[in-house]
Amino acid sequence: MPLRTRRRPPPGPTTGTDALTLESVTRRYRRGGRDFHALENVSMTVPPGRFLAVMGRSGSGKTTFLQCAAGLDRPTSGTVRIGGTDLSRLSEPALTRLRRDRIGFVFQSLNLVPSLTAGENTALPLLLRGMNPHDPAVRERALRTLAAVGLRDRADDSPLRLSGGQQQRVAIARALVTDPAVIFADEPTGALDPVTAHEVLRLLREAVDASGHTVVMVTHDPQAAAWTDEAIFIESGRIVAHENHPTPQTVTRRLAGPGER
Ligand code: ADP
Ligand code: MG
């Protein structure tokens with residue numbers, strides 16, 4: 001378990017500029033009268049401009065990891081930092097602001113609003129930031145982001161008129177539109193055919209290579225992991241392995257390795 005560390009963070013507000021840091025993060029649930037560790041003592045760091053895969057079997061703790069890392073859930077203990085900011089020190093409103101301003105999400109259930117157009121869905125995070133919906137810059141930015149995912153010409157369509165892969169691309173545009181420091185994606189290709197999945201992974205890769213975004217992607221798909229710079233493997237809430245430049249073959253081998261405890 002090479003990533004586990006008991007090192008204490010240095011005191012003070014400036015603790016480096018890593019995009020994401022977890023230190024000894026534990027998330028416990030009370031289940032059937034007993035404590036259950038969905039995440040246990042997880043420590044890791046993601047530098048800016050990196051594409052990371054979080055891998056593991058179903059129930060291993062991937063979504064719990066993502067939700068703690070993205071400030072959607074609070075760990076039972078341990079520290080999460082986004083761009084050096086310790087999330088545990090933030091009030092709920094401050095945490096909401098940080099999520100709004102510095103994080104993009106691509107959920108597995110896409111959460112697109114069917115009564116809005118693709119363009120309006122893409123623009124939503126800008127409005128949440130307080131931009132005026134009638135400000136031409138809002139539409140201009142939404143269109144530019146939709147163009148980046150190849151959907152400029154579908155801006156005025158409802159998501160209901162788009163294919164699954166196109167909807168996934170709108171969800172990515174919505175995550176990109178605010179130019180966030182970190183983009184979190186939970187199984188973004190889980191429901192897609194291989195060709196469309198390829199397209200979505202190419203977009204995430206491009207967000208890293210062309211725009212310097214940091215992407216943290218939960219997946220159990222070895223093909224998807226091969227698009228990333230590094231992969232961590234979670235088993236029973238612990239990081240059990242770490243791999244640079246993962247390939248479908250190496251990832252498949254690891255996932256087929258010794259089972260859960
Ligand atoms: P994965 O995304 O890898 O499939 P999860 O992070 O969703 O795994 O879940 C990890 C473990 O934590 C599972 O055993 C799950 O049942 C448990 N778990 C997740 N959320 C809760 C919760 N709110 N209450 C109790 N147990 C939970
Ligand atoms: Mg999950």
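Predicted model: local features only at pLDDT ≥ 70, side-chain atom pairs only at ≥ 80, totals over all residues.
Around ligand 1 stand Tyr29, Arg31, Phe36, Ala38, Arg57, Ser58, Gly59, Ser60, Gly61, Lys62, Thr63 and Thr64. Sorted by class, this shell holds three nonpolar, six polar and three charged residues. Strand E1 (20-31), strand E2 (34-46) and helix H1 (62-69) each bring at least two residues to it, and helix H1 gives the most, with three residues.

A polar side-chain atom of Thr63 lies 2.9 Å from an oxygen atom of ligand 1, while Ser60 has a polar backbone atom 3.2 Å from an oxygen atom of the ligand. In the case of Tyr29, a polar side-chain atom is found 3.4 Å from a nitrogen atom of ligand 1. On its own, ligand 1 has 560 Å² of accessible area, and the protein covers 64% of this.

We now turn to the backbone. Most residues other than glycine have a negative phi. Asp179 is not a glycine, and yet its phi is positive, at about 55°; this residue belongs to the loop between helix H5 (164-176) and strand E7 (182-186). Ser236, likewise not a glycine, has a positive phi of about 45°, and its place is the loop between strand E9 (230-235) and strand E10 (238-244).

Are these two residues buried or exposed? Asp179 has a relative accessible area of 52% and is therefore exposed, since exposed means over 50%. Ser236, by contrast, counts as buried because its relative accessibility is 18%, and the limit for buried is under 20%.

Notes:
Residues numbered from 1 in each chain as written. Chains lettered and ligands numbered in written order. Heavy atoms only, no water. Near = heavy atom within 4 Å. Polar contact = N/O pair within 3.5 Å; in protein donor to acceptor, adjacent residues only side chain to side chain. Areas by Shrake-Rupley, 256 points an atom, 1.4 Å probe, with all protein chains shown as cover. Helix = DSSP H or I, 4+ residues; strand = E, 2+ residues; numbered from the N terminus. Nonpolar A, V, L, I, M, F, W, Y, C, P; charged D, E, K, R; others polar. Buried < 20%, exposed > 50% of the residue type's maximum accessible area, 1.4 Å probe, protein only.
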